[in-house]
Amino acid sequence: MPFHTHRLANGLQIIAETIPSARSMSLGFFVRTGSRDETAEVSGVSHFLEHMVFKGTPRRSALDVNRDFDRIGAHYNAFTSEENTVFYAAILPEYMAQAVDILADILRPSLRGEDFDVEKNVIIEEIGMYEDQPMWSAYDNAKRVYFADHPLGNSILGTVASIKALTPEQMRAYFERRYVAPNVTVVGAGNFDWDGLVSLIEKHCGGWIAGPVGRQGIREAPGSGRFEVMAKPKVTQEHVLLISPGPAADSPLRHAADTLALALGDDSGSRLYWALVDPGFAESADASFHDYEGTGSFYTSFSCDPEQTEENLAIVSDVLAGVQEEGITDEELNQAKSKILSRVVRSSERSMGRMQAIGMSWTYLGKYRSVDEELAAFDAVTLGKVREVLDRYPLTQTTTFALGPLEKVARK
């Protein structure tokens, strides 16, 4: 699967992996901007702007955007995270020119005031919808408590108050500052002509304005260490999250951290599964590793009947302490590696999976990683590397947040 790279004169980066055996292609525009790049005054603007990109351009109405994507049978969407806003489409190779035309066009949206006012209500409704989902609300608040004054604690959606106060002028200023050409990477994967893609991107994006790019607040986040409870009487279960520090996205320990998290809290056959889910103490239990620019974190969570919360929290604390002291076993390591290797391979067989993988790798590492390189990195994880992660980033250094009907939760 050959890899290609080219940078336009204005600084926009194009990367791609051509897969001759594929029968489709995926195309993504990765904008290096997200909630961590926002100030309190414009909280939620990155996600709001993602919506506005689909509301029309000088050449297309919102209806035209959707119709043009549908005419070529595209699977298209976008997402906003703490650090990236990504717009993508999966298509048949013969529609590459049309897909580039649509995606490049919407990345220069009109940002009309009347569309802004309508979409503002949509965003406010979306915030309310997510706040009605206890696990999401618990995650968002736990992140806020853990990161404290670190910009990664910013809410991706913002708040009702911040969205109501946001103006079109503030959004336009944010767009002009963050959507400059050097802050965008165009990523392709699948069966297509590389030279043809470069020509299309040059044609549609070569005139985009270059400008200074950067990101403030790139530093490690050790966590606040706080223990907070948010009472929501109408919620039937208690949702608890424990967050501890982890390696950053460019750390050589990130593969060992991923493997450790899977052994600790995969949804089957993990320490937390056998300790909480299998005996029926909790409905769900999970552990995951999230890596960011400059820092990372382990998220451990469970949901259960309120009366079981304190006992379960004690069990989780014991599990974390046991892993911290003794590490994981050879059997757990090999099982976790097998699961990860399988997932990497299965994802790589889809053009969308490869597009996202190489796009994120380039965004965080500034380099391409082949499937074989990624598999080798996970296969090389040893118990010693896991021990190094635990020594450098203790699982027991937790910030805890609980959301549910309980007004208080005692630590045992």
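## The main core

In this predicted model, the largest nonpolar core takes in 55 residues. Leu12, Phe29, Phe69, Leu197 and Ile201 have the most contacts inside it. Helix α3, which spans residues 96-106, supplies the largest share of this core, with seven residues. Apart from this core lies another one, made of 38 residues, and Ala287, Leu333, Ile340 and Tyr393 are among them.

What does isoleucine 201 touch, once its neighbours within four places in sequence are left aside? The list runs to Leu8, Leu12, Ile14, Phe29, Val100, Val186 and Gly206. Two of those names, Leu12 and Phe29, also turn up among the residues with the most contacts inside the core.

## Helices α3 and α8

Ile201 also takes part in the meeting of α3 and α8. Helix α8 covers residues 194-205, and its axis comes within 10 Å of the α3 axis. The two cross at roughly 30 degrees, which makes α3 roughly parallel to α8. As for handedness, α3 passes α8 in a right-handed crossing.

On the α3 side, the residues that meet α8 are Met96, Ala97, Val100, Asp101 and Ala104. Their partners in α8 are Gly196, Leu197, Leu200, Ile201, His204 and Cys205.

Now for a crossing at another angle. Helix α1 (residues 45-53) packs on helix α7 (residues 168-178) at an angle of about 90 degrees, and their axes are 11 Å apart. That makes α1 roughly perpendicular to α7. From α1, the residues involved are Val45, Ser46, Phe48, Leu49 and Met52, and they meet Met171, Tyr174 and Phe175 in α7.

Tyrosine 174 sits in helix α7. Is its place buried or exposed? Tyrosine 174 is buried, at a relative accessible area of 1%. Glutamate 83 is 91 residues away from tyrosine 174 in sequence, and the two are 14 Å apart in space, C-alpha to C-alpha.

Helix α14 (residues 371-379) has Val371, Leu375, Ala377 and Phe378 buried. Look down the axis of α14 and its buried residues fall within an arc of 160 degrees, so they line one face of the helix. They pack against α9 (254-265), α12 (330-348) and α13 (351-365).

The axes of α9 and α14 come within 9 Å of each other and cross at roughly 65 degrees; the two helices are therefore roughly perpendicular. α9 passes α14 in a right-handed crossing. His255, Asp258 and Thr259 in α9 meet Glu374, Ala377 and Phe378 in α14. Of these, Ala377 and Phe378 are also buried residues of α14.

Helix α15 (residues 383-392) has its own buried set: Val386, Val389 and Leu390. Around the axis they cover an arc of only 95 degrees, which puts them on the same side of α15. The elements covering the buried residues of α15 include α9, β10 (296-304), α11 (309-326) and α12.

## Loop residues to look at

Most residues other than glycine have a negative phi. Leucine 111 is not a glycine, yet its phi is positive, at about 55 degrees. You'll find leucine 111 in the loop between α3 and α4 (113-131), and at 7% relative accessibility it counts as buried. Alanine 148 has a positive phi of about 55 degrees too, again without being a glycine. Alanine 148 is in the loop between α5 (134-147) and α6 (160-165), where it counts as partly exposed at 43% relative accessibility.

Glycine 225 belongs to the loop between α8 and β7 (227-231). Its relative accessible area is 41%, which makes glycine 225 partly exposed. Leaving out residues up to four places away in sequence, glycine 225 touches Thr398 and Thr399. Between glycine 225 and isoleucine 340 there are 30 Å in space, C-alpha to C-alpha, and the two are 115 residues apart in sequence.

Methods: Residues numbered from 1 in each chain as written. Predicted model: local features only at pLDDT ≥ 70, side-chain atom pairs only at ≥ 80, totals over all residues. Heavy atoms only, no water. Core = buried A, V, L, I, M, F, W, Y, C linked by side-chain atoms within 4.5 Å. Buried < 20%, exposed > 50% of the residue type's maximum accessible area, 1.4 Å probe, protein only. Helix = DSSP H or I, 4+ residues; strand = E, 2+ residues; numbered from the N terminus. Contact = heavy atoms within 4.5 Å. Arc of directions from axis to C-beta. Axes fitted to C-alpha atoms, helices over the stretch in contact; angles between N-to-C directions. Parallel < 35°, antiparallel > 145°, perpendicular 65-115°, else oblique. Left-handed = near helix turned anticlockwise from the far one by under 90°.
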